[in-house]
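Please look at the sequence and the structure below before reading on.

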Amino acid sequence: GAGALLLSLVVVLAGCSNTQSAANKAPHTGSATASVVDGVQQVTIHASDFRFAPSTITVHPGKVKVILINDSGGAPHDFQVPKFPSDWVPLTSSGNTKQTSFTAPAPGRYQFVCTIHTRQGMTGTLVVLPD
């Protein structure tokens with residue numbers, strides 16, 4: 001009854017006051033390999049709780065389409081590979097989907113970020129494999 005309600009209220013309030021530090025501690029999970037759709041490598045990434053899921057995506061050199069789905073229920077998010085600034089999905093508000101296509105760079109590992117939530121640890125890894 002009232003005790004359980006009070007306890008949930010305390011838990012909710014405690015969660016609100018600590019959002020940023022909790023986000024910084026959330027694990028980075030999941031990995032996906034782009035699948036080829038109509039000759040273009042395609043990968044879908046979900047943005048929520050200041051994390052990308054999957055946080056590691058694997059592609060080969062060539063054209064890549066990234067679909068960003070913001071299912072955070074809160075802040076807008078974007079997607080960018082800082083070493084290749086043209087590889088960018090613009091700010092996507094909660095409940096929306098946006099996409100971009102770009103040419104994957106030379107084989108290697110590249111960081112991708114949400115440009116407005118990098119400090120909260122909203123980053124991932126783009127792995128480009130040799131052909």
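## Basis of the description

Helices (H or I, at least four residues) and strands (E, at least two) are DSSP runs, numbered from the N terminus. The model is predicted: local features need pLDDT of at least 70, side-chain atom pairs count only at pLDDT 80 or more, and totals for chains, interfaces and linings use all residues. Residues are numbered from 1 along each chain as its sequence is written, and side-chain values use heavy atoms, with hydrogens and water left out.

## Strand E7 and His77

His77 is found in strand E7, a strand that spans residues 77–81. Is His77 buried or exposed? A residue is called buried under 20% relative accessible area, exposed over 50%, and partly exposed in between (1.4 Å probe, protein chains only). His77 has a relative accessibility of 1% and therefore counts as buried.

E7 pairs with strand E8 (residues 84–92) in the antiparallel sense over 4 bridges; two strands pair if DSSP finds at least two bridges between them. The two strands form a hairpin with 2 residues between them, and His77 stands opposite Thr92 in E8.

## Surroundings of His77

Contact means heavy atoms within 4.5 Å. Not counting residues up to four places away in sequence, His77 touches a number of residues, among them Ala47, Phe50, Leu68, Pro90, Cys114, His117 and Met122. The side chain of His77 also reaches the backbone oxygen of Ala75 at 3.5 Å.

## Thr115 and Asp78

Thr115 is found in the loop between E10 and E11. With a relative accessibility of 36%, Thr115 counts as partly exposed. Which residues does Thr115 contact, leaving aside its neighbours within four places in sequence? They are Asp78 and Gln80.

Thr115 and Asp78 are 37 residues apart in sequence, yet their C-alpha atoms are 6.5 Å apart in space. Their side chains are joined by a polar contact of 2.5 Å. A polar contact is a pair of N or O atoms within 3.5 Å; within protein, one must be able to donate a hydrogen and the other to accept it, and residues adjacent in sequence count only if both atoms are side-chain atoms.

## Aromatic pairs

A pair of aromatic rings is described by the distance of the centres and the angle of the planes. Rings of Phe, Tyr and Trp (its six-membered ring) pair if their centres lie within 6.5 Å; planes under 30 degrees apart count as stacked, over 60 as edge-to-face and the rest as tilted. The structure holds 4 aromatic pairs. One of them is the edge-to-face pair of Phe52 and Phe79, with 6.3 Å between the centres and 80° between the planes. Phe52 lies in strand E4 (residues 51–53) and Phe79 in strand E7, so this pair ties together parts that are 27 residues apart in sequence.

The rings of Phe52 and Phe112 have centres 5.1 Å apart and planes at 65°, so this pair is edge-to-face. It links Phe52 in strand E4 with Phe112 in strand E10, 60 residues apart. Phe52 is buried at 1% relative accessibility, Phe79 at 0% and Phe112 at 0%.

## The nonpolar core

A nonpolar core is a set of buried Ala, Val, Leu, Ile, Met, Phe, Trp, Tyr and Cys residues joined through side-chain atoms within 4.5 Å. The largest has 21 residues, of which Ile45, Phe52, Val66, Phe79, Phe112 and Leu126 touch the most other members. At least two residues of this core come from each of several strands, including E3 (40–48), E7 and E10.

## Strand E11

Why is strand E11 (residues 123–128) described as largely enclosed by the rest of the structure? The reason is that 5 of its 6 residues are buried. Strand E10 (residues 108–113) pairs with E11 in the antiparallel sense over 6 bridges, and Tyr110 stands opposite Leu126. Strand E5 (residues 56–59) pairs with E11 in the parallel sense over 4 bridges, where Val127 is the bridge partner of Thr58.
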